[in-house]
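Subject: Handover of a structure

Dear colleague,

I am passing on the structure below, together with an account of what was found in it. Please read the two side by side.

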Amino acid sequence: MAAIAEHGLAGLTMAALGRQVGMSGGHLLYYFGSKDRLLLETLRWSEEQLGGQRREVLARPGTSARERLAAYADLYLPDGPGDPRWTLWIEVWGRSLADAGIRGAQPDVEEPWHRDLVALLREGAAAGEFGPVDAEAAAVRIRALLDGFSTPIAVGLPGVRREESLAHVAAVLDRLLAAV
């Protein structure tokens, strides 16, 4: 992740990465088989780290479902242009078009986000914080919304800022989940 942050993926070669981690590019290829597999495993590792943070946010005692949903959205969106986690995500998913192995790994990365969001939406609806909601369908919509804001932030689209995007997300969530 440090190499991605420092060099970006376009400038990341196996040889350069090997030098940065103290081994040869050939060694990396021996362990991972290809740059695509190395990137996929790095993404899995990154998502495992982030998954721990997500579970912490969602289990915070004494916080409402609405507060935890805002924290989920905050954790989901990239920190800003070039966010290494999102740069990696965009690159790996782009490579999935040509690689069935990467495409097959996508559910392993995406499903925990979806499952946790569905559980949070159900909890919020049961507590009366949210209106009646089809949690599965709402989770799909919310994640699409978050992805839609995340990609322009990560690539540094002019005029797209994280804080404004979070405010837009909050406004949409207020309408989508309005208690009756």
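A nonpolar core, as the term is used here, is a set of buried Ala, Val, Leu, Ile, Met, Phe, Trp, Tyr and Cys residues joined through side-chain atoms within 4.5 Å. The coordinates come from a predicted model, and in the largest such core, which has 47 residues, Leu69, Val92, Leu121 and Leu146 touch the most other members. At least two residues of this core come from each of α1 (2-7), α2 (14-21), α4 (35-58), α5 (65-76), α6, α7, α8 and α9 (162-176). Setting aside residues up to four places away in sequence, Val92 touches Leu39, Leu40, Leu43 and Ile102.

As to the chain as a whole, its secondary structure comes to 9 helices and 0 strands, and the C-alpha atoms fill a box of roughly 60 × 35 × 30 Å along the principal axes. Of the 180 residues in the protein chain, 42% are buried, and among contacts between residues at least 6 apart in sequence, 64% join residues at least 24 apart.

Confidence should be kept in mind while reading the rest. The mean pLDDT of the protein chain is 90, with 96% of its residues at 70 or more; the lowest confidence is in α1, at a mean of 70, whereas the highest is in α5, at 97. Where pLDDT is low, the predicted coordinates should not be read in detail.

Next, the cavity. The structure holds 1 cavity of 30 Å³ or more, and about 80 Å³ of space lies in the largest cavity. Its lining is made up of Glu47, Tyr76, Arg85, Trp86, Trp89, Val109, Glu110, Trp113, Arg143 and Asp147, which divide into 5 nonpolar, no polar and 5 charged residues. The helices α6 (84-95), α7 (100-126) and α8 (135-155) each supply at least two residues of that lining.

Several individual positions may also be of interest. In α2, the residues Met14, Ala16, Leu17 and Gly18 are buried, and just after α2, Gly22 takes a positive phi of about 80°. The C-alpha atoms of Thr63 and Gly18, 45 residues apart along the chain, are separated by 44 Å.

The loop between α5 and α6 holds Gly82, which is likewise partly exposed, with a relative accessible area of 40%. When residues up to four places away in sequence are not counted, Gly82 touches Thr87 and Ala154. Gly82 and Leu69 are 13 residues apart in sequence, and their C-alpha atoms are 25 Å apart in space.

Finally, Pro152 has its place in helix α8, where, again not counting residues up to four places away in sequence, Pro152 touches Leu157 and Val160. Between the C-alpha atoms of Pro152 and Ala119, which are 33 residues apart in sequence, the distance is 28 Å.

With best regards

Methods:
Residues are numbered from 1 along each chain as its sequence is written. Side-chain values use heavy atoms; hydrogens and water are left out. On a 1 Å grid over the protein atoms alone, a cavity is a set of points where a 1.4 Å probe fits but cannot get out, and a pocket is an open set with protein on both sides within 12 Å along at least five of seven lines; lining residues have an atom within 4 Å of a point. Grid points are joined across faces, edges and corners, and a volume is the space filled by probe spheres set on the points. Helices (H or I, at least four residues) and strands (E, at least two) are DSSP runs, numbered from the N terminus. Ala, Val, Leu, Ile, Met, Phe, Trp, Tyr, Cys and Pro count as nonpolar, Asp, Glu, Lys and Arg as charged, and the others, Gly among them, as polar. Buried means under 20% relative accessible area, exposed over 50%, partly exposed in between (1.4 Å probe, protein chains only). Contact means heavy atoms within 4.5 Å. pLDDT is the predictor's confidence in each residue, from 0 to 100.
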